Amino acid sequence: MDPVLITAAAIRHLDLTPLDGVSQLPMGELMERGPVLQLQFDWPREAEDPRELAECPEPRLWSLRADARFPWLPLVLERDQGSLIRHVAMVVPHSFNRGEGLRFEPQALELWITHRLMSLDDFYRAEDIPMRGKLSQMAAALGYELDMNFWGLLDSNVQNRS
């Protein structure tokens, strides 16, 4: 899959149309492709601007909008070249140190991942698409280790509603 360019104009207008090619695919087909989507942000910064892209408010706002509109987006973002980490850095509080790199606020990351796992598990369960393995892999790619009882707790909640 070709990288998707997110232009400065799209960022300024919170325009999500660059994601149309991905968002209009049938969900099953999209999930079969796996984590292959790469987002490239074309956001101008002065040469002396020390901020990382995820520290710029405008791209962060665009990413928050994309994350809200397409909650499955983290599942399809490639992981080896940093697209998933970059996206999560846009939506989860973090700090950046040139020596230590990116450090997520632990509680914020835990809340975001837990919320994402719960909402996507419900969504894919309704679509009858088994995704727990991919959801667990996404969490692991972010350094988050799931408790063995997590999915069982969700299952017991569903059984109690039946």
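Tutor: In helix H8, residues 132-141, the buried residues are Leu135, Met138 and Ala139 (buried is under 20% relative accessible area, exposed over 50%, partly exposed in between, with a 1.4 Å probe and protein chains only; helices, H or I, have at least four residues and strands, E, at least two, as DSSP runs numbered from the N terminus). Seen down the axis of H8, these buried residues fall within an arc of 95°, so they line one face of the helix (the arc is taken from the directions from the helix axis to the C-beta atoms). Just after H8 comes glycine 143, with a positive phi of about 80°.

This is a predicted model, where local features need pLDDT of at least 70 and side-chain atom pairs pLDDT 80 or more, while totals for chains, interfaces and linings use all residues. Residues are numbered from 1 along each chain as its sequence is written, and side-chain values use heavy atoms, without hydrogens and water.

Now for the aromatic rings: there are four aromatic pairs (ring centres of Phe, Tyr and Trp, its six-membered ring, within 6.5 Å; planes under 30 degrees apart are stacked, over 60 edge-to-face, the rest tilted). One of them joins phenylalanine 123 and tyrosine 124 edge-to-face, 5.0 Å centre to centre with 80° between the planes. Phenylalanine 123 counts as partly exposed because its relative accessibility is 33%, whereas tyrosine 124 is buried because its relative accessible area is 1%. Phenylalanine 150 and tryptophan 151 also pair edge-to-face, at 5.0 Å centre to centre and 70° between the planes. Here phenylalanine 150 and tryptophan 151 are both buried.
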